[in-house]
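This text is a guided walk through one structure. Please keep the sequence and the 3D view open while reading.

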Amino acid sequence: MRTQVCIIGGGPSGLLLAQLLHLSGIESVVVERHGRTHVLARIRAGVLEWGSVERLRAAGLGARMDREGFVHGGIHLAAQNRSFRIDLQARAGRPVMVYGQTEVTRDLYAARDAAGGTVIHGAEGVALHDLDGARPHVTYSLDGVGQRIDCDFVAGCDGFHGVARRSVPAGALRTFERVYPFGWLGVLSETPPVGDELIYAHHDRGFALCSMRNRRLSRYYIQVPLEARLEAWPDSAFWDELRRRIPTDAAERIETGPAIEKSIVALRSFVAEPMRWGRLFLVGDAAHIVPPTGAKGLNLAVSDVHYLHQALAAFYRDGEAGGIETYSATALRRVWKATRFSWWMTTTLHRFPEAGNFGQRIQESELDDLETSATAQTALAENYVGLPF
Ligand code: RFL
Ligand code: PHB
């Protein structure tokens, strides 16, 4: 097979890139390891920056999002039973959209289907070749039969554990990493959300987050030790612990029910530089990971795709390679700002037992500053709704 851009990974990055390239008249093939049902069963991010909303709309993906998503003009921060609101709209001039990654991915698949786009599912042993030459190619096997795709460029949209980043020679990549000493235990439940907006809660017992997907579907998280096991967290234990960590009025109001999904994720910050090697581009989680506290993972995937699409469109339209040369530096600037913000939100809101009583007081003081300083609120709001592209 021959195509212009071979895209590895059929998550949000890969599918959105394929859709934008299609709208610019550029051919692509998406090569995904898993089946579509598996990809759509993953419960992940829930908050879209306004810039992501606008880009999804421009890609023809706005209809259901605008109908079913929820526009939130603020978030609540809570600390030891005190709670205050950050008015995102007033402080940063924009709201955010609560619309799950699962729904974004579903819309992306529908758009690819409607456009007759090729997404190959169940590709095993994907390997990338000749990335530093003029004619790269990708090999894999499908139902035991070897396949080959020749292309101009390869887009590595295959997530943190994918093959793309590992295909760059070790000496050519520099990586930066921070692993946090805890994880998040998340529960999805068919119950009405506890309020109209998200609640991020700092507590002596650990961080908690009340989020949502729609009027009948709630998403909650609590900070747990790295060694925590799902078996140790039956639903009743989860709800009890969540109630202890959130403000009393929310704890009294909360409606609980059976968990329809429960999972633990480790928290890490990771960036690989540069994001291009020869004719390979790294995009989204393949290049960087942020802890979910700032709700930035999916949004960074959208901004990487935006820059890469612009670069490839200029190349195919005008023979202009400048955007390809600068893709990595342009994307990384935004990546590092989101990495800093996600690290700061994580550090400010979680419990770090090893930080001692001094660290605890500094955190409390930081939250006090956020409650009382318009400047501090504006800094948070600008980053939370998303920095300009
Ligand atoms: P994805 O979504 O991981 O998609 C990568 C796709 O590549 C496929 N793949 C391969 N295909 C072919 N060959 C290979 N060798 C392959 N290896 C992998 C995978 O099957 C998959 O379909 O990356 P993408 O598209 O860059 O999108 C990024 C977002 O998914 C990610 O940033 C966020 O979901 C991060 N994240 C969260 N972000 C938030 O903002 N809020 C959250 O609450 C939140 N929760 C999460 C998350 C990420 C998680 N992961 C990755 C473990 C919860 C989890 C569990
Ligand atoms: C979610 O709804 O899954 C969610 C929302 C906000 C975050 C992280 C996760 O910061």
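The second largest cavity holds about 50 Å³ of space. A cavity here is, on a 1 Å grid over the protein atoms alone, a set of points where a 1.4 Å probe fits but cannot get out, and lining residues have an atom within 4 Å of a point. Grid points are joined across faces, edges and corners, and a volume is the space filled by probe spheres set on the points. The structure is a predicted model, in which local features need pLDDT of at least 70 and side-chain atom pairs count only at pLDDT 80 or more, while totals for chains, interfaces and linings use all residues. Residues are numbered from 1 along each chain as its sequence is written, chains are lettered from A and ligands numbered from 1 in the order in which they are written, and side-chain values use heavy atoms, with hydrogens and water left out.

The residues lining the second largest cavity are Pro 12, Val 39, Leu 40, Arg 42, Arg 44, Gln 101, Thr 102 and Thr 105. Helices α2 (36–41) and α6 each supply at least two residues of this lining, and α6 gives the most, with three residues. Helices (H or I, at least four residues) and strands (E, at least two) are DSSP runs, numbered from the N terminus. By class, the lining of the second largest cavity divides into three nonpolar, three polar and two charged residues. In this scheme Ala, Val, Leu, Ile, Met, Phe, Trp, Tyr, Cys and Pro count as nonpolar, Asp, Glu, Lys and Arg as charged, and the others, Gly among them, as polar.

A search of the whole structure finds four cavities of 30 Å³ or more. The largest cavity has a volume of about 70 Å³. Its lining is made of Glu 49, Lys 296, Leu 300, Arg 334, Lys 337, Ala 338, Phe 341, Asn 383, Gly 386 and Leu 387. Helix α10 provides the largest share of the lining of the largest cavity, four residues. Four nonpolar, two polar and four charged residues make up this lining.

Phe 341, one of the residues around the largest cavity, is found in helix α10 (residues 322–349). Is Phe 341 buried or exposed? Phe 341 counts as buried because its relative accessibility is 1%; buried means under 20% relative accessible area, exposed over 50%, and partly exposed in between (1.4 Å probe, protein chains only). Leaving aside neighbours within four places in sequence, Phe 341 is in contact (heavy atoms within 4.5 Å) with Gly 294, Lys 296, Leu 380, Asn 383 and Tyr 384. Gly 294 is 47 residues from Phe 341 along the chain, yet their C-alpha atoms are separated by 6.8 Å.

Ser 328 also has its place in helix α10. Ser 328 is buried because its relative accessible area is 9%. Not counting residues up to four places away in sequence, Ser 328 touches Pro 274, Met 275 and Arg 276. A polar atom of the Ser 328 side chain lies 2.8 Å from the backbone nitrogen of Met 275.

With a relative accessible area of 15%, Asp 152 is buried. Its side chain makes a polar contact with the side chain of Arg 2 (2.6 Å), and a polar contact of 2.6 Å joins the side chains of Asp 152 and Tyr 316. A polar contact is a pair of N or O atoms within 3.5 Å; within protein, one must be able to donate a hydrogen and the other to accept it, and residues adjacent in sequence count only if both atoms are side-chain atoms. Beyond neighbours within four places in sequence, the residues in contact with Asp 152 include Thr 3, Gln 4, Pro 136 and Arg 279.

The contact between them takes 24 residues from domain 1 and 23 residues from domain 2.

Where does the second largest pocket lie? Both domains give residues to its lining, so the second largest pocket lies between domain 1 and domain 2. A pocket is an open set of points with protein on both sides within 12 Å along at least five of seven lines. The second largest pocket contains about 250 Å³ of space. Of the 13 residues that line it, the closest to its centre are Gly 100, Glu 103, Arg 213, Asn 214 and Leu 217. Helix α6 (101–114) and strand β15 (208–214) each supply at least two residues of the lining.

Definitions and conventions
Domain bounds come from an automatic or database domain assignment.
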